[in-house]
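Here is a walk through one protein model. Keep the sequence and the 3D view side by side as you read.

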Amino acid sequence: MSLAEIPSRLEHALRTADRGVVVLAVDGLSSDVAKQSWLSASVSTLSSTVPSTSATAWLTALTGVPADVHRVPGTVYRNGSGLVHAINGSPVIPDLPTVLERHGATVLARELDLLEGTWAQALLRGCNRVPAPPRHKLTAQAEDPPLLVANVVADLDKALPDARFLWTYVNIDDHVHRNGYDESVHEAMLRLDAHASRWAAQGWTVVAHSDHGLVPVDPDPELVEAWDAIVREECVIPSGGAARTRWLYPKPDRLEAVFDRVATTLGAAATVHHATDLGLPQPEAGPVVAVAASPRFPIPDPSAKFEHGGLSRDEIDVPFAMWQA
């Protein structure tokens, strides 16, 4: 069961809903935390994408197709002759209809609405967008999950009378990167559960799901330096990937040598794969892929306290929840 099932599940909900469907797209929530907090919902577990990262996962969740079709295999990947940042840049993304576009959803995109790249456009085109709050307010809310939920709920309550299909982005990811799943996250999700139950009692079918979970990290400075050395000495362009899954673009005659060097250098901190074995599209993803097997893995941002992108259960298992009267 994967995120690619989300469109068909939402379309089924739309066909059977009494009043309409509300979708809470919660960025960065693990399945375990959801099951501890969404006490009034029916909660099941889906599998995220490979890598378990927002750029790939949200596109799969809204189009229903995997990365080898939508061609966004991670946050940073080859696009033409160089690298592109999927969220902040302007990658070429195939013209794939989303479930939101097909059904004319009203979208409270919040932070996504402020992104100018083609990734956000591919997610949200054809929708009725509710304008996002100013950036400084979104930043303040992201630092305080209960405040974030209060503002999401207030905006949804305003939008509900005029819509049948609403989708809203709920960004707890920024907070979890810095603080993990602390008490404020649990409190925020308990409050979201209470409001979802209220909407369900009013006749709405309420759905919530995530894109990935996060795990604690403690990158080894020596491994960070060693990874950078491999990139400098063996590769044609910088490395790509998504935090706890990273890939390399070796010089043409150095692929197997780089594979062996990465495996030896990272040791127990990673597993090393050929990209095709993980279903990653080529040439977007580099052919040599390292996946974190330890908190010591050399992530791109060594200052992060919690990260994702890897294949551990806590990163891959994501919740799918429904509240119905």
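The paragraphs below move from the sheet to a helix and then to the backbone exceptions.

This is a predicted model: local features need pLDDT of at least 70, side-chain atom pairs count only at pLDDT 80 or more, and totals for chains, interfaces and linings use all residues. Residues are numbered from 1 along each chain as its sequence is written, and side-chain values use heavy atoms, with hydrogens and water left out.

Start with the sheet. Helices (H or I, at least four residues) and strands (E, at least two) are DSSP runs, numbered from the N terminus. Two strands pair if DSSP finds at least two bridges between them. Strands of a sheet pair through backbone hydrogen bonds, either parallel or antiparallel.

Follow strand 15 (residues 317-323). Buried means under 20% relative accessible area, exposed over 50%, and partly exposed in between (1.4 Å probe, protein chains only). Strand 15 is mostly covered, with 6 of its 7 residues buried. It runs antiparallel to strand 2, joined by 6 bridges. There, Val 43 has Ala 321 of strand 15 as its bridge partner. Strand 8 also runs antiparallel to strand 15, over 4 bridges.

Strand 8 spans residues 204-210 and contains Thr 205. Thr 205 counts as buried because its relative accessible area is 5%. Which residues does Thr 205 touch? Contact means heavy atoms within 4.5 Å. Leaving out residues up to four places away in sequence, the list is Ala 13, Ala 17, Gly 20, Val 21, Val 22, Met 322, Trp 323 and Gln 324.

Strand 5 and strand 6 pair in the parallel sense over 2 bridges. Val 107 has Arg 129 of strand 6 as its bridge partner.

Turn next to helix 11 (residues 221-234). Its 14 residues reach 20 Å from first C-alpha to last, close to the 20 Å expected at 1.5 Å a residue. The expected span is 1.5 Å times one less than the number of residues. Asp 220 caps the N-terminal end of helix 11, with a side-chain oxygen 2.8 Å from the backbone nitrogen of Glu 222. Buried residues in helix 11 are Leu 223, Val 224, Trp 227, Ala 229, Ile 230, Val 231 and Glu 234. Their cover includes strand 11 (245-248), helix 12 (255-266) and strand 13 (288-292).

Finally, check the backbone. Most residues other than glycine have a negative phi, and most peptide bonds are trans. A cis peptide bond joins Val 50 and Pro 51, with omega about 0°. Pro 51 sits in the loop between strand 2 (42-47) and helix 3 (54-63). The bond from Gln 282 to Pro 283 is cis too, with omega near 10°. Pro 283 belongs to the loop between strand 12 (270-274) and strand 13.

Positive phi values occur as well. Arg 110 has phi near 50°, in the loop between strand 5 (106-108) and helix 6 (118-124). Arg 110 counts as buried because its relative accessibility is 3%. Ala 243 has a positive phi of about 60°, in the loop between strand 10 (240-242) and strand 11. At 12% relative accessibility, Ala 243 is also buried.

How values were computed: Polar contact = N/O pair within 3.5 Å; in protein donor to acceptor, adjacent residues only side chain to side chain.
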